[in-house]
Amino acid sequence: MSGENVIFIGFMGAGKTSVGRAYAQTAGIPLVDTDQMIEEEAGMTISDIFRLKGEEFFRETETAVLKKLQKETEPKVISVGGGLPLREENRALLRELGQVIFLQVKAETVIERLKGDTTRPLLQGTDVKQRAEELLAYRNPIYRQAAHQIVDVDGKTVEEIVHLIREKEGKN
């Protein structure tokens, strides 16, 4: 995968940013987080964007960020928001942008990792486990469609996940 972007997709709490950061370090290339890019460009948090401008505005901004990344030539690790691959246009852009790795996670793992996190607008409410399971049931087939590689992250450390990915690339 030398010279190519490596893109991490998956549900919130799957470890896209943590694994992306560790992978970027081992590969010696920079990490870009699309959610961070959006917050910087909008001058507000994602929660505020959802609240003030709506989800559709946010999703359009995600697509614009992918198009911007396509114009860059230096290889990088890219961590994307959990909903970014939902748009068909974004899935195509992701696959053109580089090697897409789906970090697959179970609802129980998500709930454990995000316990007490109030910054996730789609996981607010009373029955968080049911909401997570519904979202995963809907999103996982979409993530699979976008991915070149699928890595099950349940019960694994960040280091183990990076090792698995590098092994599949023939870099370990």
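View 1. Buried residues make up 45% of the 172 residues in the protein chain; buried means under 20% relative accessible area, exposed over 50% and partly exposed in between, with a 1.4 Å probe and protein chains only. This is a predicted model, where local features need pLDDT of at least 70 and side-chain atom pairs count only at pLDDT 80 or more, while totals for chains, interfaces and linings use all residues. Residues are numbered from 1 along each chain as its sequence is written, and side-chain values use heavy atoms, with hydrogens and water left out. The accessible surface comes to about 8,700 Å², and carbon and sulfur atoms hold 49% of that (Shrake-Rupley method, 1.4 Å probe; for residues, only the protein chains shown count as cover). You'll find eight helices and five strands here, in the order β-α-β-α-α-α-β-α-β-α-α-β-α from the N terminus on. Helices (H or I, at least four residues) and strands (E, at least two) are DSSP runs, numbered from the N terminus. Take the contacts between residues at least 6 apart in sequence: 74% of them join residues at least 24 apart, contact being heavy atoms within 4.5 Å.

**View 2. The largest nonpolar core.** This core has 45 residues, and I7, F8, I9, F11, L94, L103 and I165 touch the most other members. Helix α7 (residues 128-146) gives the largest share, five residues. A nonpolar core here is a set of buried Ala, Val, Leu, Ile, Met, Phe, Trp, Tyr and Cys residues joined through side-chain atoms within 4.5 Å. Zoom in on I7: not counting residues up to four places away in sequence, I7 touches I78, V80, L94, L97, G98, Q99, V100 and I101.

View 3. Q99, one of the I7 contacts, sits in strand β4 (residues 98-104). With a relative accessible area of 16%, Q99 is buried. A147 is 48 residues from Q99 in sequence, yet their C-alpha atoms are 7.8 Å apart. V77 belongs to strand β3 (residues 77-79) and counts as buried at 0% relative accessibility. V77 and L31 are 46 residues apart in sequence and 4.7 Å apart C-alpha to C-alpha. Beyond four places in sequence, V77 is in contact with V6, F8, G20, Y23, A24, I29, P30, L31 and V32.

**View 4. Helix α2 against helix α4.** The axes of α2 and α4 come within 10 Å and cross at roughly 110°, so the two helices are roughly perpendicular to each other. T34, D35, M37, I38 and E41 in α2 meet F58, T61, E62, V65, K68 and L69 in α4. By class, that contact has five nonpolar, two polar and four charged residues. Nonpolar covers Ala, Val, Leu, Ile, Met, Phe, Trp, Tyr, Cys and Pro, charged covers Asp, Glu, Lys and Arg, and the others, Gly among them, are polar. Axes are lines fitted to C-alpha atoms, for helices over the stretch in contact, and angles run from 0 to 180 degrees between N-to-C directions. T34, found in α2 (residues 34-42), is buried at 0% relative accessibility. Leaving aside neighbours within four places, T34 is in contact with V65, L69, I78, S79, V80, G81 and L84.

**View 5. Helix α3 against helix α4.** Here the axes of α3 (residues 46-53) and α4 (residues 55-70) come within 7 Å and cross at roughly 125°. That makes α3 oblique to α4: under 35 degrees counts as roughly parallel, over 145 as roughly antiparallel, 65 to 115 as roughly perpendicular and the rest as oblique. I46, I49, F50 and K53 in α3 meet E55, F57, F58 and R59 in α4. Those residues divide into five nonpolar, no polar and three charged.
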